[in-house]
Amino acid sequence: MIGIVYYGAGNIFSLTAALDRLGLQYGMIKTAEDFEQYDRYIIPGVGHAGSAMQKLNDTGLVPSILALKKPVLGICVGMQLLTLHSEEGDSKLTGIIPLETKLFSDELQVKVPHTGWNKVFRTVESPLFNEIPQGSHFYFVHSYFIEFNSTFTIALAEYGIKFSAVIQKDNFYGVQFHPEKSGLAGEQLLKNFAHLA
Amino acid sequence: MDNPVLNYKNSDLTASVNDLAKRIIPCLDVKDGRTVKGVNFVALRDAGDPVELAYQYSNQGADELVFLDITATHERRKTMVELVRSVARQVNIPFTIGGGINEIADADILLNSGADKISINSAAVRNPGFIDELALAFGKQFVVVAIDTKHINGKNYVHLNGGRIATEIETEDWIKEAEARGAGEILLTSMDHDGTKAGFDNTLLKKVNDTMTIPLIASGGAGTIQHFVDCFKISNADAALAASVFHYGEILIPDLKKVLKENNIEVRL
């Protein structure tokens, strides 16, 4: 059963609606004790990474998150929170995965926010990608991205620069796109996460 | 399955933008919980249940949906919230909701009901600071500024209230201001082309798109599949929106995407 870290950063209605459609059970995590009830976790998030981190810090849940040994999936800003630092508001983040979150700069000559369906290519095999064809489109909407890294990037996307579409370190996963809004491919990824060993 | 892994890891990290698909967006005008389409914004015809239509469009391969409540200013917010919740429960693609959003509280409740973006039009022209407020509260990616534009004596002017009220604001100037204030996307409807089925206003779309730094959704004039091809080829807009050609089955989205792909336009299939 999936525990959703409930910290007030953004709309989780769409996420829970997707889990409902897929018949995946979930509950909300509001206190440190709540983690024990679940065997995997989602950290959602939209909006400003700095204010999201502030809200997460305010819940007091960060030490419990850092100690998790079961699968964790950060979505969009929830993924960025796993990194060390974001250029958005020059914000210090959890640092679970030693990467930087950066702005799509003017020199890349792309429109920002990166909005729409972008091809995603896995760079390693992972059960998270079961039944998802290489090069499937996922729905992105973000102005900041996580740099490509040959150790922690497990799927990449190209938009003026190659960046991390999916990152992983041990049991911590992050996806920059919104699987709950990414059609059948996104639903498959959520199912895969729900069944990760 | 092909595996481009090794190519990527050692290659230059500068990349193209061609992996971002052009979006096809059916627009559903909603009144009293039912879908309608204004022909030149005047005559209304009932084309069905918006939630049912939304579900069908997502299954057909629509990339996104836009719902515009054309009478929202005279109706209660509650109807739209129910619609947004029903759509969010049933569809797995993003959608935008517009019509009668005048304050932060309107946007807040719609976003918390599952809308991905909100679209503002007249309210933004009357109070441009509203764009800044929304961007600050929710992030610019949530804020679509919709603009109805019309050619008058060689210039393009912003029109309000579904096109009924002319302003002295030039469309190109308003786009720049909206961008600067924090719009995340522009939905530009040519009133001269809307309802004509004679094609998009590609000249205007190209002109504005060439200097834009945020995505542009083209709207107004779609009648044939070729019109979408022309729109993307000429203007390079990020998305194209249409209503009646989709609602009445004149263009099926899978057929449209197939032709776009044959024309080397990146689409999600």
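**View 1. Polar contacts link chain A and chain B in this predicted model.** Between the two chains, 18 residue pairs are in polar contact, with both partners at pLDDT 80 or more. On the chain A side, α1 (13-22), β8 (114-119), β9 (121-122), β10 (137-142), β12 (153-158) and α5 (183-194) each bring at least two residues to the face that touches chain B. Look for β8(A) here: with six residues, β8(A) gives the largest share of that face. Sorted by class, the side of chain A that touches chain B holds 17 nonpolar, 14 polar and ten charged residues.

**View 2. A salt bridge joins K181(A) to D116(B).** The two side chains meet at 2.8 Å, N to O. Across the interface of chain A and chain B, three salt bridges are found.

**View 3. Chain A and chain B bury about 3,800 Å² between them.** Carbon and sulfur atoms account for 58% of this area. The contact takes 41 residues from chain A and 52 residues from chain B.

**View 4. An open sheet of eight strands in chain A has mixed pairing.** Follow the strands in the order β2-β1-β3-β4-β14-β13-β12-β9. At the edges stand β2 (26-29) and β9 of chain A; each has a single partner strand, so one side of each is left without a neighbour in the sheet.

**View 5. Strands β4 and β14 of chain A pair in the parallel sense.** Residues 72-75 of β4 and residues 172-175 of β14 are joined over four bridges. Here G74(A) has G174(A), in β14(A), as its bridge partner.

How values were computed: Residues numbered from 1 in each chain as written. Chains lettered and ligands numbered in written order. Predicted model: local features only at pLDDT ≥ 70, side-chain atom pairs only at ≥ 80, totals over all residues. Heavy atoms only, no water. Contact = heavy atoms within 4.5 Å. Buried area = accessible area lost by both parts, 1.4 Å probe. Salt bridge = Lys/Arg side-chain N within 4 Å of Asp/Glu carboxyl O. Polar contact = N/O pair within 3.5 Å; in protein donor to acceptor, adjacent residues only side chain to side chain. Nonpolar A, V, L, I, M, F, W, Y, C, P; charged D, E, K, R; others polar. Pairing = 2+ DSSP bridges.
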